[in-house]
Amino acid sequence: MAGRKRKATDNQSANTNASTSSRPSRSTRSGRSNRPSAGKSDVSEIYRDMLAEADVRPTPASASDERPIKRKRPGQRRDEVAQNVKPPPEKPDREEVVNLEERRDEESADDLEFEDVALPAATIQTVYRDSDEEEEEEDNDEEIFEDVDFSAHALTAVPTQDTGQDLELDLSARTKSTPTKSIDRRKPINQVEKGRRIEIHKTHLLCLLAHVARRNRWCNDPQAQESLRPLLTEKMVRQLNPPSHLTQFGRANSLKEGLGLVNNMFKMKYQITERGMRRALWAETEAHLQDYSLPTDSEAVLEKSDFREAAKSLSGSRDVGAQLYCALLRSAGVEARLVCSLQPLSFGSAGPYMGTGRKGKQKPTLEEKYGQLFKPNDSPDVSTGSNGPLPPRRRLGHPNAAAFRLPETVAGPSRQEAPTPKKIRESPYPVYWVEILDEGHQKWQPTDPLVTESYWKPQKFEPPASDRENSMTYVVSFEEGGTAKDVTRRYTKAYNAKTRRMRVECVLGNGERWWRKALRAYSRGYQSDLDQIEANELAAIESREPMPRNIADFKDHPIYALERHLRRHEVLVPNAAPSGTVGAGSKAPLEKIYRCRDVRIARSREKWYRLGREVRPDEIPVKFITKPSKLHEDLFSDEVHEYGEGETNGTPIYTMDQTEIYKPPPVLNGKVPKNRYGNLDLYVPSMVPDGGVYIADDFGARAAFILGIDYAPALTGFQFTGRKGTAVLRGVVVAAEYEEAVTAVIDGIKDQEVEMERERKSRQALRLWRLFLMNLRIRERIWAGASPEDEAMNDPDETEIGADEPVDNEANELDGSDDMGAGGFEIDDDYAGGFMMD
């Protein structure tokens, strides 16, 4: 134990000497003036034991207070030169340090006299290893530890008594990991849900069209226009209606100047106090709809009377403001159209969803924070504690600022400040605006005095894709007579690349026809010259649309296509010339862009056969399609998923250029060719064989069988239930010379069927009459011996009838014999009431 203590003391002495040599100023204060006697004190012995238990070893002399490192640092010599006048010695390497320590140990062992240095009272730290493997890990890890200079605390060290308590440091507790933000990945919708959303999307479109048509009729209301007409001056009306003798430029310039005056006037006088139409969103769960309610500042104009009141007060939503602005221009004789960007529910899952509402308290605005700093009710004498914040006057810097008292002033009668109107936050892009006709150029030009405050600038009306309140998908304009027209292409920058993908034309095969049919209800029935000019203008805008820059925009594009977006049954024509290239990024390879007219649909031999065509011999397939994992087996689908005999690489497919019209074997000597099932494939009319005729009637097979001629049932298709398809047989194919005979027999069979149906109905009527007569006969036998009064008393139905009108009892008296009539009819053995009995 003594040897262990002496070794620890020698090591510590060496460390102290090294520190003394490196920092002469500090050693002068701590090493010489505070050097104790040669005898060992109790306090020094305790510290030595502590250092020995903590396994503290002497460290090489450090020239600075910086963290020591294992490797040589080039900047360390420069610091030593700046501190010492003499050039510092070269820093020894690790082997030299070890040899130096060994020599010092030998010298201290020979010399029994050594000096004790008072060490500072350090906090004891004890670390417990969880296992033996932890020791091996510490030895293997190359970590950099920091050496503590104990001599730096020599002046502040205060000797304390040993309390016998150890401070334990538990390093086994795991640090709290930084919480990762979970990403809400929305589950894609299935095909059934998408179909339901498409139907809702179409229904919502029809409702919105009816709503805008109604508001357009309100703009023609004479009372509303009479209330708005005084807002226009004679100069405004004169400039809005330029004379015809002016040039084309003069008329357009006059119209622009008039619109500028009217827009400024209407913007100053109209006040937006309500929220208008906004984008309709889906709810993620049903719980979001339980507590949903319309905003308190939503639009209150629901009837025409409310619209007239808004025309008088000039206040309401910005949608109503655009409608009143349209009525104002129409009252001045300007040909104006009411334009609306419809906001239907989307049919996809990629759009934004309805939120759960505002979470917690909203963050205060800058104005609210500034108002909280300077409140008029703050008292100047409010004293704060030492821990609380200082008052504003105390923070001025003068020590007597808090003692100064402000002179007391008597406050006068406070004025009631007018309540500030609540700010309505809406999309910075309008939903309603107005188009006016520039008669000089025969073009419709947009104008909006409330939101965009612009005119003749259609590019300012399209909102970005990130706008949750507004989405430009369908833009419909309504003229004064109620005619509607789709003008979406005038306001969108990428109609084919982006906007079209959110419309019904892209998701349905007959979507474009459905949309034209929906707008047909608001058409005038013919196309005027102005309509043709506008149609040519919109077509020119669509043709000038540039090529998409994003790869995702090429999908389902009506003009351009990428090879990666081709479906399984689509191929490019040989030697297709690319129109350009595009890349997914700066490092991604470039992909060629092709025209959609160079894309062909390829099908297998079976598919072409069902379309009435057959592949020419010696044709090379353009592609081989492998069998997918799971695919619905539809014989009339373009997807191919069956291997034929000898098809090991997949199903070969061919384009239409490699096929020709299928010609079935002809009908010879009245014999119709049949397949192995006894039928004749007749998917299209061109598959009728030469010399034969197709009779599309369900009685064709029966008529041909009655005549005893050869026929073949026509296989027209398959009906699928799940993955199983059943052949559909309708009509027959017979020889052409038997067509008239088969048709006559079919007519006779139909006449016979009609007669049989009439006889069946007659027998049914006779059965009902027989049942009715039998009931009357039973009734007569029951009431044969009773008086009419008793019968009327016991029969509630008869009592109710008698209360309304008198009943002739004498005419209704019936004899009880079987030979007399029952219910007024004569009955004999063979006939009952003139009808034959069964």
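1. Strand β12 (residues 484–486) is joined to β11 by three bridges, and the two strands run antiparallel. This is a predicted model. Phe-478 faces Ala-484 of β12 across the pairing. Together β11 and β12 make a hairpin, with five residues between the strands. Gly-482 sits in the turn and has a positive phi of about 100°.

2. β11 has another partner. Strand β6 (residues 336–342) is antiparallel to β11, and five bridges join them. Within that pairing, Cys-340 has Val-476 as its bridge partner.

3. How many residues of β11 are buried? Five of the five residues in β11 (residues 474–478) are, so the strand is largely enclosed by the rest of the structure. In a regular strand, side chains alternate between the two faces of the sheet. In β11, Tyr-474, Val-476 and Phe-478 point one way. Val-475 and Ser-477 point the other way. Residues on both sides are buried.

4. Now the residue Thr-473. Thr-473 belongs to the loop between β10 (454–455) and β11. Is Thr-473 buried or exposed? Its relative accessible area is 6%, under the 20% cut-off, so Thr-473 counts as buried. Leaving aside residues up to four places away in sequence, Thr-473 touches Thr-488, Thr-499, Met-502 and Arg-503.

5. Next, the nonpolar cores. The largest one holds 56 residues. Val-262, Leu-324, Leu-329, Leu-342, Ile-436 and Trp-515 have the most contacts inside it. Helix α13 supplies the largest share of this core, eight residues. A second, separate core has twelve residues, including Val-672, Leu-680, Ala-712 and Val-733.

6. Leu-342 links several of these points. It is among the residues with the most contacts inside the largest core. Its contacts include Tyr-474 and Val-476, both of which point one way from β11. Leu-342 also touches Leu-205, Leu-208, Leu-209, Val-212 and Ser-471. Residues up to four places away in sequence are not counted here.

7. Two packed helices are described by the angle between their axes and the distance between the axes. For helix α12 (residues 304–313) and helix α13 (residues 318–331), the axes come within 11 Å and cross at roughly 80°. On the α12 side, the contact uses Phe-307, Ala-310 and Ala-311. On the α13 side, it uses Val-320, Gln-323 and Leu-324. Of these contact residues, five are nonpolar, one is polar and none is charged. Leu-324 is also listed among the residues with the most contacts in the largest core.

8. β22 pairs with β24 (residues 711–721) in the parallel sense, over two bridges. Leu-680 is opposite Ala-714 in β24. Leu-680 is also one of the residues of the second core.

9. Chain totals, for reference. The chain has 23 helices and 27 strands. Of its 838 residues, 31% count as buried. Among contacts with a separation of 6 or more, 73% are between residues 24 or more positions apart.

Conventions: Residues numbered from 1 in each chain as written. Predicted model: local features only at pLDDT ≥ 70, side-chain atom pairs only at ≥ 80, totals over all residues. Heavy atoms only, no water. Pairing = 2+ DSSP bridges. Helix = DSSP H or I, 4+ residues; strand = E, 2+ residues; numbered from the N terminus. Axes fitted to C-alpha atoms, helices over the stretch in contact; angles between N-to-C directions. Contact = heavy atoms within 4.5 Å. Nonpolar A, V, L, I, M, F, W, Y, C, P; charged D, E, K, R; others polar. Buried < 20%, exposed > 50% of the residue type's maximum accessible area, 1.4 Å probe, protein only. Core = buried A, V, L, I, M, F, W, Y, C linked by side-chain atoms within 4.5 Å.
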